[in-house]
Amino acid sequence: MPSTRSSADFVAAEAVARHFDVSKPWLARAIERSPRVFLKAVDGVSFAMAKGETLALVGESGCGKSTVARLVVGLYRPTSGRVLFDGLELAGLPAAERARSRRRMQMIFQDPYASLNPRWRVRDIVAEPLRAFGLASGRAELAERVGALLVQVGLSPADGEKYPHEFSGGQRQRISIARALSSNPEFLVCDEPTSALDVSVQAQILNLMRDLQEQLGLTYLFISHNLAAVRHISDRVGVMYLGRIVEIADSGTLFSQPRHPYTQMLLDAIPDLAMSGREREPMGGEVPNPLDPPAGCHFHPRCPFANDRCRAETPALKQYGPAETACHAVEEGRI
Amino acid sequence: MIAFTLRRLVQSLVVILFVALIAFSMFRFVGDPVHQMVGIETTLEEREALRERLGLNDPFHVQFARYIANAARLDFGVSYQHKKPVTEMIGARFPATFELAMVSALLALAVGVPMGVFTGLYRDSLLSKVFMAVSLAGISLPTFLIGILLIFIFSVTLGVMPSFGRGETVDLGGWTTGLLTGSGLQALVMPAVTLGLFQMTLIMRLVRSEMLEVLRTDYIKFARARGLSNRAVHFGHALKNTLVPVITITGLQLGGIIAFAIITETVFQWPGMGLLFLQSIQTVDIPIMAAYLMLIAFLFVAINLAVDLLYYVVDPRLRLDRGAAW
Amino acid sequence: MRAWRDSDLWYSFTRSRITVAAASIAGVMILAAFLAPLIAPHNPFDLASLDLLDAHIPPVWSEDGETRFLIGTDDQGRDLLSAILYGARISIGVGIASVLLSLVLGVGLGLVSGYAGGRIDAFIMRVADIQLSFPAILIALLVNGVLRGILPSERQDELAIYVLVLSIGISGWVQYARTVRGSTLVEKNKEYVQAARLIGISPASIMLRHILPNAMGPVLVIATIHLAVAVITEATLSFLGIGVPPTEPSLGTLIRIGNDFLFSGEWWVTIFPGVTLAVLVLSVNLLGDWLRDALNPKLR
């Protein structure tokens with residue numbers, strides 16, 4: 001581990017891993033003598049977040065960032081490692097306390113068409129957490145709270161009577177946010193909240209999220225592959241590649257001085273009209289098969305700086321200046 | 001392929017064991033077997049002795065294992081009602097059901113396939129529409145109603161057909177057949193039509209939709225473009241490609257025919273296994289019910305297995321997940 | 001979407017003349033059956049009003065017909081029209097009750113199977129596969145036989161209807177279970193289900209309140225077609241003599257009774273109930289076919 005986390009951190013992941021068993025049925029395995037196969041979607045991820053900050057996790061699809069989101073809120077149980085929320089490990093808590101912690105964290109999902117039950121009225125969707133946690137007593141109070149929440153996200157109380165299909169993608173995402181806010185959470189996990197939206201709408205949603213953060217003092221874990229959105233909203237950024245964090249730094253640092261070759265490659269992929277002046281390195285190659293990732297540093301087959309050590313030894317996250325980077329080349333001063 | 005075959009074999013075995021468990025549970029727990037076998041004047045001691053002799057005091061799994069072992073030797077006990085070995089009774093009635101089922105299946109194929117081809121080729125002709133309407137009725141009318149209608153028309157009103165029984169039969173070394181006498185053949189006509197009608201409509205609709213599907217494909221257009229005659233295109237190319245699903249469905253329906261024979265046999269008082277089974281339900285004659293269940297299960301599993309394996313060989317794209325109709 | 005789809009359904013409905021006809025016929029028959037006590041000219045169950053001298057009277061247009069009995073009487077002197085109305089009531093009632101039982105059983109097992117997955121799913125689906133490899137009529141016959149073996153023989157007549165509903169209901173659950181399981185597998189991975197899990201909604205509540213409403217569309221189609229099958233099965237079992245007793249005849253029982261008199265030329269006792277049954281089943285089938293096509297444009 002690069003650095004020990006203090007329990008004062010609001011949210012912390014400690015060497016969290018999640019492996020999925022994707023083996024064939026045992027009979028086929030027995031006959032073909034094939035071994036069990038595990039997909040290491042998340043393979044030892046650690047980070048810590050302070051209250052009120054926004055940490056973004058970026059990476060190409062399949063890098064495990066959405067799995068991290070689900071591990072943090074407890075939709076998945078970690079295969080190893082643990083997730084701490086306000087110093088408590090959710091998985092180990094008795095049911096009553098777990099419900100109390102659950103109320104304080106919520107999630108906004110990627111697909112605004114799948115994240116709202118098409119058969120429910122908007123008011124019931126928004127009220128579900130209120131009912132589940134017993135946060136409002138009586139119909140009148142419930143209706144009032146739902147109305148206020150809809151106003152808060154820029155909709156009108158009358159919208160509560162409608163069904164989700166009567167709204168556009170951006171409006172649906174606002175409903176999703178209203179639902180997430182209804183239990184007065186302190187921590188929101190946002191799993192690619194804007195990637196399914198039109199570009200013109202993305203900024204509106206991001207601005208809404210920012211405003212809400214200021215008003216309510218929210219902490220965001222922001223999952224995205226959209227670097228522009230990440231730059232817009234996050235305080236710190238972690239870059240993931242094949243289930244591991246390869247670099248994590250302040251947003252400014254990461255975008256201006258990326259150290260890890262993979263981070264550089266990601267940034268180079270953004271069309272840069274201003275031309276920052278940094279030399280662009282075209283980097284080819286595909287993401288390797290996640291079922292059989294390369295040994296050592298997962299990135300070495302695509303990395304121009306790879307040497308024998310990179311092919312054999314997994315680099316750990318270490319502090320280099322303002323950033324934490326997991327790269328032998330950076331450690332050896334080759335970059 | 002090996003894994004697939006093995007898995008299907010294991011699954012079939014599980015099905016048979018599962019059905020055997022149901023059959024055994026019926027035998028063991030529905031009513032008291034001892035009570036069924038003895039008269040009123042039997043003393044308690046004698047009953048207890050019989051119970052011990054039948055092994056009814058043994059642990060469940062021992063009894064079940066013995067039941068399976070006996071079943072494997074085709075020993076299903078003695079009928080409560082008739083006091084005769086069940087296997088003997090079923091064996092005596094098997095030829096009647098088998099002949100009826102086979103003739104029905106052949107009839108369904110022989111009529112259903114041409115009708116399907118015709119309605120597929122000339123989908124807008126009046127005759128096709130008549131065929132389709134008749135087939136809808138064939139699916140909607142209950143089997144027993146069709147049987148009654150046939151009896152009413154041909155036996156009661158016209159008086160040209162026998163309304164019940166098998167007619168004269170010839171005993172060929174334990175296998176009684178009605179196929180060799182005039183009255184036997186005559187008696188077979190109406191039951192076979194009744195039983196085959198539903199399968200016939202099914203086959204007709206299947207062939208029709210397969211024909212429509214095939215006739216749209218590129219290779220048929222190409223065959224036409226080559227200047228092949230309509231006849232060669234329709235029968236040489238199109239029909240040939242519809243036959244795999246047709247044969248499969250017919251195979252699967254064979255089990256259904258044997259099951260629906262229960263109803264047909266009752267309507268026409270046809271002395272087959274189905275009639276025996278129905279009588280055993282009416283009199284709660286559990287050993288016969290259990291044996292019939294096992295026999296049907298074995299037939300069904302064997303047919304399903306054969307069809308699945310055949311499918312796998314013929315067309316590897318079509319892996320499993322068929323569902324029989326209700 | 002609901003209002004829009006309803007209107008679309010309605011449009012497709014009114015466009016198909018056969019469907020409108022089938023729906024009208026089925027509707028009238030079901031209504032007449034349930035209103036039998038009000039509209040039937042006689043009460044066929046009132047033994048005091050029956051007169052054996054009235055037995056075997058042919059329909060009114062025959063030589064010996066009487067205007068009291070429009071389509072004749074049976075061997076007990078019961079007015080056949082009234083008997084058919086009451087019989088259809090029992091047939092349709094048993095059919096609907098069986099469909100509901102199958103539906104509840106199948107939808108419940110399908111939801112659990114799809115949502116729980118793993119061993120529970122494997123077990124339920126294995127049982128379903130086994131049952132599906134036998135025709136439903138055979139399952140119904142077997143369940144019927146077993147129930148009759150368990151029940152005391154002196155109460156069998158009064159319990160006959162429940163035995164029927166149970167045997168037909170149990171024989172039909174698999175289609176519902178497979179369909180609902182399929183929808184559940186799709187729905188359970190959608191994010192709205194994750195959102196509900198996240199706030200600690202119980203699995204039972206998620207299945208019933210979130211997934212079930214989204215899985216009901218195909219269930220309605222199956223239920224309509226199943227109603228025709230259930231009515232046929234009831235008639236078949238009653239015809240075979242293991243359904244409802246002759247004291248309270250269903251259509252199948254009437255046909256069975258009439259079958260005995262077919263040879264003495266009293267065709268009407270069998271033919272009228274038979275035609276009633278056939279028309280009822282045919283119209284429900286047509287309705288089900290249309291509903292399937294209308295809800296599933298891809299299958300057309």
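Both faces of strand β9 of chain A are covered, since A:Arg236, A:Gly238 and A:Met240 on one side and A:Val237, A:Val239 and A:Tyr241 on the other are all buried, where buried stands for 20 or more other C-beta atoms within 10 Å of a residue's own, exposed for 12 or fewer and partly exposed for what lies in between, with C-beta atoms placed from the backbone. This is a predicted model, in which local features need pLDDT of at least 70, side-chain atom pairs count only at pLDDT 80 or more, and totals for chains, interfaces and linings use all residues. Residues are numbered from 1 along each chain as its sequence is written, while chains are lettered from A and ligands numbered from 1 in the order in which they are written.

**Chain A as a whole**

- Chain A holds twelve helices and twelve strands, helices being DSSP runs of H or I with at least four residues and strands being runs of E with at least two, numbered from the N terminus.
- A compact globule of 335 residues would have a radius of gyration near 20 Å, and the 21 Å of chain A agrees with this; the radius is taken over C-alpha atoms, and the globule rule is 2.2 Å times the number of residues to the power 0.38.
- Taken along the principal axes, the C-alpha atoms of chain A fill a box of roughly 70 × 60 × 40 Å, and 42% of the 335 residues count as buried.
- Of the contacts in chain A with a separation of 6 or more, 66% are between residues 24 or more positions apart, a contact being two residues whose C-beta atoms, placed from the backbone, lie within 7 Å.

**Strand β9 of chain A and its partners**

- Strand β9 (residues 236-241) of chain A is largely enclosed by the rest of the structure, because six of its six residues are buried.
- Strand β3 (residues 54-58) of chain A pairs with β9(A) in the parallel sense over four bridges, where pairing requires that DSSP finds at least two bridges between two strands; A:Leu57 stands opposite A:Gly238 in β9(A).
- Strand β10 (residues 244-250) of chain A runs antiparallel to β9(A) and is joined to it by six bridges, with A:Val239 opposite A:Glu247 in β10(A).
- β9(A) and β10(A) form a hairpin with two residues between the strands, in which A:Leu242 takes a positive phi near 45 degrees.

**Strand β4 of chain A and its partners**

- Strand β1 (residues 11-21) and strand β4 (residues 80-85), both of chain A, pair in the antiparallel sense over five bridges, and A:Ala17 stands opposite A:Ser80 in β4(A).
- β4(A) also pairs with strand β5 (residues 88-89) of chain A, in the antiparallel sense over two bridges, with A:Leu84 opposite A:Glu89 in β5(A).
- Two residues lie between β4(A) and β5(A) in their hairpin, and A:Asp86 in the turn has a positive phi of about 50 degrees.

**Chain B: layout and confidence**

- Chain B has twelve helices and two strands, which follow the pattern α-α-α-α-α-α-α-β-β-α-α-α-α-α along the sequence.
- The C-alpha trace of chain B spans about 85 × 60 × 35 Å along its principal axes, and buried residues make up 37% of its 326 residues.
- The mean pLDDT of chain B is 81, with 93% of its residues at 70 or more; pLDDT is the predictor's confidence in each residue, from 0 to 100.
- Over residues 318-326 of chain B the pLDDT is below 50, although this stretch has eleven contacts in the model beyond near neighbours in sequence.
- Where pLDDT is low, the predicted coordinates should not be read in detail.

- Not counting residues up to four places away in sequence, B:Leu293 touches B:Val19, B:Ala23 and C:Leu142.
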